[in-house]
Amino acid sequence: MPKGKGGNTVAAVWEIAKPVADELGLDIWDIRFVKEGSDWFLRIFIDKEGGVGITDCENMSRAIDKPLDEADPIEQSYCLEVSSPGIERDLTRDSHFEACKGQKIKIKLIRALDGKREFSGILEDYDGKAVTMRLEDGSAMCFEKKETGYIKLDDFSL
């Protein structure tokens, strides 16, 4: 069971959402349960080959509503949002790194390395703890995932 922001709630929702998404021909990219101000949001990010559209989001939202109500995995009130992971999507799960090997990514470090915090290149490898990126000059750099502020697809520089 995948965990993410929202811990056990995310894992419980993932168990409910995966079969629904499978039936609709969709993949769950990520699930987040977050508090913003005084409001809670359950965000389900879906994807599929060729990308998702508004109809896919509507279909998933309608299809997941009843199973979520029946299972009732969330105690407090929340707003359900279903969307695409979008461009420059966050890479957080092992499956994200596997799916995006060979694609351009950007990494922002928590602390600067040789005076630099942001790096771009091609995702070459991920071993569960570290990301290897091939830079434009052909050199490879390895970054510990725990030392990064984010790792995203670099869709804007394509």
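1. Helix H1 (residues 8-23) lies across S1 and S2. Its direction is at about 145° to S1. Axes here are lines fitted to C-alpha atoms, for helices over the stretch in contact, and angles run from 0 to 180 degrees between N-to-C directions. Contact means heavy atoms within 4.5 Å. Helices (H or I, at least four residues) and strands (E, at least two) are DSSP runs, numbered from the N terminus.

2. Basis of the model. This is a predicted model, in which local features need pLDDT of at least 70 and side-chain atom pairs count only at pLDDT 80 or more, while totals for chains, interfaces and linings use all residues. Residues are numbered from 1 along each chain as its sequence is written, and side-chain values use heavy atoms, with hydrogens and water left out.

3. Confidence. pLDDT is the predictor's confidence in each residue, from 0 to 100. The chain has a mean pLDDT of 91, and 94% of its residues reach 70 or more. Residues 1-5 fall below 50. That stretch still has 17 contacts in the model beyond near neighbours in sequence.

4. Helix H2 (residues 54-71) lies across S1, S2 and S3. H2 runs at about 140° to S3.

5. The sheet. Three strands make an open sheet, ordered S1-S2-S3, with mixed pairing. S1 and S3 are the edge strands, each pairing on one side only. From one strand to the next, the twist averages 15°. Two strands count as paired if DSSP finds at least two bridges between them. Strand S2 (residues 39-47) and S3 are parallel, over five bridges. Leu-42 stands opposite Leu-80 in S3.

6. Salt bridges around Asp-30. The structure holds 16 salt bridges. The criterion is a side-chain nitrogen of Lys or Arg within 4 Å of a carboxyl oxygen of Asp or Glu. Asp-30 pairs with Arg-32 at 3.1 Å, N to O. Asp-30 also bridges to Arg-93, with the closest N and O atoms 2.7 Å apart. This second pair links distant parts of the chain: Asp-30 sits in strand S1 (residues 27-36), Arg-93 in the loop between strand S3 (79-83) and helix H3 (94-99), 63 residues apart. Arg-93 and Asp-30 are both buried. Buried means under 20% relative accessible area, exposed over 50%, partly exposed in between (1.4 Å probe, protein chains only). Asp-30 is buried because its relative accessible area is 5%.

7. A salt bridge joins Asp-90 and Lys-152 at 4.0 Å, N to O. The pair again links distant parts of the chain, 62 residues apart: Asp-90 in the loop between S3 and H3, Lys-152 in strand S8 (residues 148-153). Asp-90 has 25% relative accessibility, so it counts as partly exposed. Which residues are linked in a network of salt bridges? They are Asp-30, Arg-32, Asp-90, Arg-93 and Lys-152.

8. Cysteines. Cys-57 is buried, at 11% relative accessibility. Cys-79 is partly exposed, at 38% relative accessible area.
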